[in-house]
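I opened this model to look up its helices, cores and surface. My notes follow.

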Amino acid sequence: MNDRRPTEVFDTGLQHERTSLAWERTAISMMVAGLLLSRFAATEEFWLLAAGGMVQVVFGAVLLVWSGAHYEELHGTLRRGADVVHPSAVRWVGLATIAGTGAGLIAAIAVTLTR
């Protein structure tokens with residue numbers, strides 16, 4: 001089977017484009033949230049939380065690189081009629097985002113209560 005990119009658009013709705021862009025937006029938002037968490041935690045000298053924010057930044061960067069590399073695979077997968085959703089990746093991204101957001105909320109509450 002030929003998995004090379006076709007010369008004409010095979011999907012007028014461009015679902016593969018939207019899927020790839022959604023992963024990229026998620027990765028970038030994870031990196032921004034992790035960076036903000038790290039900066040806030042470092043300012044308030046919560047070093048463990050700052051390290052956790054940096055881990056989130058790295059995870060988002062890995063996800064961004066993966067989504068770019070995975071983009072080419074989407075074309076062949078869609079032409080074969082297979083599903084492009086990766087349930088385990090969705091779970092991990094969701095858990096990392098929730099954990100980072102929760103850590104930021106806890107840090108904000110802790111700083112507010114200690115002032």
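**Notebook: helices, cores and surface**

I started with Gln-56. Setting aside neighbours within four places in sequence, I found Gln-56 in contact with Met-30, Ala-33, Gly-34, Leu-37, Ala-96, Thr-97 and Gly-100. Contact here means heavy atoms within 4.5 Å. Gln-56 sits in helix H2, residues 47-80. Gln-56 counts as buried because its relative accessibility is 6%. The classes are buried under 20% relative accessible area, exposed over 50%, and partly exposed in between, with a 1.4 Å probe and protein chains only.

Ground rules, noted once. The model is predicted, so local features need pLDDT of at least 70 and side-chain atom pairs count only at pLDDT 80 or more, while totals for chains, interfaces and linings use all residues. Residues are numbered from 1 along each chain as its sequence is written, and side-chain values use heavy atoms, with hydrogens and water left out.

**Overall layout**

I listed the secondary structure next. The chain has three helices and zero strands. From the N terminus, the order is α-α-α. Helices (H or I, at least four residues) and strands (E, at least two) are DSSP runs, numbered from the N terminus. Of the 115 residues in the chain, 26% are buried. Among contacts with a separation of 6 or more, 76% join residues 24 or more positions apart.

Ser-67 is buried, since its relative accessible area is 3%. Beyond neighbours within four places in sequence, Ser-67 is in contact with Ser-20, Trp-23 and Glu-24.

**Aromatic pair**

How many aromatic pairs are there? I count one aromatic pair. The rule takes rings of Phe, Tyr and Trp (its six-membered ring) with centres within 6.5 Å; planes under 30 degrees apart are stacked, over 60 edge-to-face, the rest tilted. Trp-23 and Trp-66 form the pair, edge-to-face, at 5.4 Å centre to centre and 85 degrees between the planes. The pair links distant parts of the chain, with Trp-23 in helix H1 and Trp-66 in helix H2, 43 residues apart. Trp-23 is buried because its relative accessible area is 12%. Trp-66 is at 30%, so Trp-66 counts as partly exposed.

**Nonpolar cores**

Trp-23 turned up again here. The largest nonpolar core has six residues: Trp-23, Ala-27, Met-30, Leu-63, Ala-89 and Val-93. Such a core is a set of buried Ala, Val, Leu, Ile, Met, Phe, Trp, Tyr and Cys residues joined through side-chain atoms within 4.5 Å. H1 and helix H3 (87-114) each give two or more residues to this core. H1 supplies the largest share, three residues. Another core of five residues lies apart from it, including Leu-37, Ala-41, Leu-49 and Ala-107.

**Surface**

The chain exposes about 7700 Å², and carbon and sulfur atoms supply 68% of it. Areas come from the Shrake-Rupley method with a 1.4 Å probe; for residues, only the protein chains shown count as cover.

Leu-36 lies in helix H1, residues 15-43. Leu-36 counts as exposed because its relative accessibility is 55%.

Glu-45 lies in the loop between H1 and H2. Glu-45 is exposed, since its relative accessibility is 58%. Glu-45 is not a glycine, yet has a positive phi of about 60 degrees. I noted the background: most residues other than glycine have a negative phi.
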